[in-house]
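Me: I would like to learn how to read a model like this one, feature by feature. Could you walk me through it?

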Amino acid sequence: MDVTVLRPDELTAADLGAWGAMQRATLALANPFLASEFARAVGHRRATARVARLSEGGRIAGFFPFERHALGSGKPIGSGFCDCQGLIHRPGLDWDPAELLRACGLALWEYDHLTAGQTPFETAGTPRARASSPVMELDGGHHAYLERLRHKVVRTARSQERRLTRDVGPLRLDFHTPDPVLLDTLIRWKSDQQQSKGRRDILSRTWFLAILRELFDLPSESCSGTLSVLRAGEAPVAMLYGLRSQEVYATWFPAYDTRFAKYSPGILLHLKLAEAAAERGIVHIDMGKGTSRYKDALKTADLSVTEGYVGRHTPAAMLCRLRMASDRTAHAAISANPRIHRAAVRAVGAVDRLR
């Protein structure tokens, strides 16, 4: 197998066409975080971004988007905010992870959202943990989705909708609103939410906002930044910025106006979104790795994603593994002490603002 390493902007029209065809052929690869548009947007802001093009018998066989860091350590492209990772490939392709890493100049590749169907990486590597990525299944249509939900969830949501309609106005969902002013409002809501919980706020980073805005309303069937807005009367009560392909809507940044918190506006938005997405042929709303009350209420299935790494038998790979172990130990110690954790978040935020 031949491997050519490129910067994302060096991909040709033939490359982009082959990439999209591979995604459409396998649902596990249809997630917009695996799209070439996402890789190119990240590449415009991260100098470490690369894509390996795999060829076999003169035909394009796959694409491996990654970032190359010090000591030959590698991570998925968009590491830290990419919710689906892996090698995009034609059906049935087998690959040698060690040979792939060697061709990419990597000693080790670490992942935390590895999608299903990446058997060579899991077999040759060291999976550390498996996690669930809750999904709303829409392949049977909106009514079939509601039938899969617990009746209590549906009854409670309908009661909340009646209350919100009575108190504020009738509900309406705009599946996509290409309004930059509303996008700014969502960013403010989400930033306030993250800061109130003492979490690192990626939306405060100028370079990340540039990626988000580059993808916003992109005319692409593989990856388009989508702003879904739930209104009560004329008032936006909840919004969601996600990435969508023809088959998958990957939620990214949901938030709501805290004045309407008692009506559970986030759940109402997702239920309205399920109806609109099913009408457009979307079969999965992927709510991302991790659990929460609203995800548990809305999901009808879980996708399995894997965290771990795959490496070569080299001294550089050993150094990378030692550094990973040290980083995890330090992270666990910081997370265990709320006061130190808050101070660390503030310090990181200050560094981000200086950048």
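**Reading the fold**

Reply: Gladly; let us begin with contacts, where contact means heavy atoms within 4.5 Å. Of the contacts in the protein between residues at least 6 apart in sequence, 73% join residues at least 24 apart. Keep in mind that this is a predicted model, in which local features need pLDDT of at least 70 and side-chain atom pairs count only at pLDDT 80 or more, while totals for chains, interfaces and linings use all residues. Residues are numbered from 1 along each chain as its sequence is written, and side-chain values use heavy atoms, with hydrogens and water left out.

Me: How many helices and strands are there in the protein?

Reply: Helices (H or I, at least four residues) and strands (E, at least two) are DSSP runs, numbered from the N terminus. By that count the protein has twelve helices and 13 strands.

Me: What radius of gyration does the protein have, and what would a compact globule have?

Reply: The radius of gyration is taken over C-alpha atoms, and the globule rule is 2.2 Å times the number of residues to the power 0.38. For 355 residues the rule gives a value near 20 Å, and the protein has 21 Å, which agrees with a compact globule. Along the principal axes, the C-alpha atoms fill a box of roughly 65 × 50 × 35 Å.

Me: What percentage of the residues in the protein is buried?

Reply: Buried means under 20% relative accessible area, exposed over 50%, and partly exposed in between (1.4 Å probe, protein chains only). Here 49% of the 355 residues are buried.

Me: How should I read a helix, and which residues of helix 7 are buried?

Reply: An α-helix has 3.6 residues a turn, so residues three or four places apart point the same way. The expected span of a helix is 1.5 Å times one less than its number of residues. Helix 7 (residues 180–196) has 17 residues and should span 24 Å; its end C-alpha atoms are 24 Å apart, which agrees. Its buried residues include Leu182, Leu183, Leu186, Ile187, Trp189 and Lys190. Among the elements covering the buried residues of helix 7 are helix 8, strand 9, strand 10 (235–244) and strand 11.

Me: And what do the buried residues of helix 1 pack against?

Reply: Helix 1 (residues 13–25) reaches 19 Å from its first C-alpha to its last, close to the 18 Å expected. Asp15, Ala18, Trp19, Gly20, Met22 and Gln23 are buried in helix 1. These buried residues pack against strand 1 (2–6), helix 2 (36–43), strand 2 (49–56), strand 3 (59–68) and strand 5 (88–89).

Me: Is His89 buried or exposed?

Reply: His89, found in strand 5, has a relative accessible area of 9% and therefore counts as buried. Leaving out residues up to four places away in sequence, His89 touches Met22, Leu29, Ala61, Gly62, Trp95, Gly117 and Gln118.

Me: Which residues does Asp112 touch?

Reply: Asp112 lies in strand 6 (residues 108–114) and is partly exposed, at 28% relative accessible area. Again leaving out residues up to four places away, Asp112 touches Gln85, Lys289, Thr306 and Glu307.

Me: Where is Asp217 found, and what is its phi?

Reply: Asp217 is found in the loop between helix 8 (206–215) and strand 9 (224–232). Its phi is near 60°, a positive value in a residue other than glycine. Asp217 is partly exposed, with a relative accessible area of 38%.
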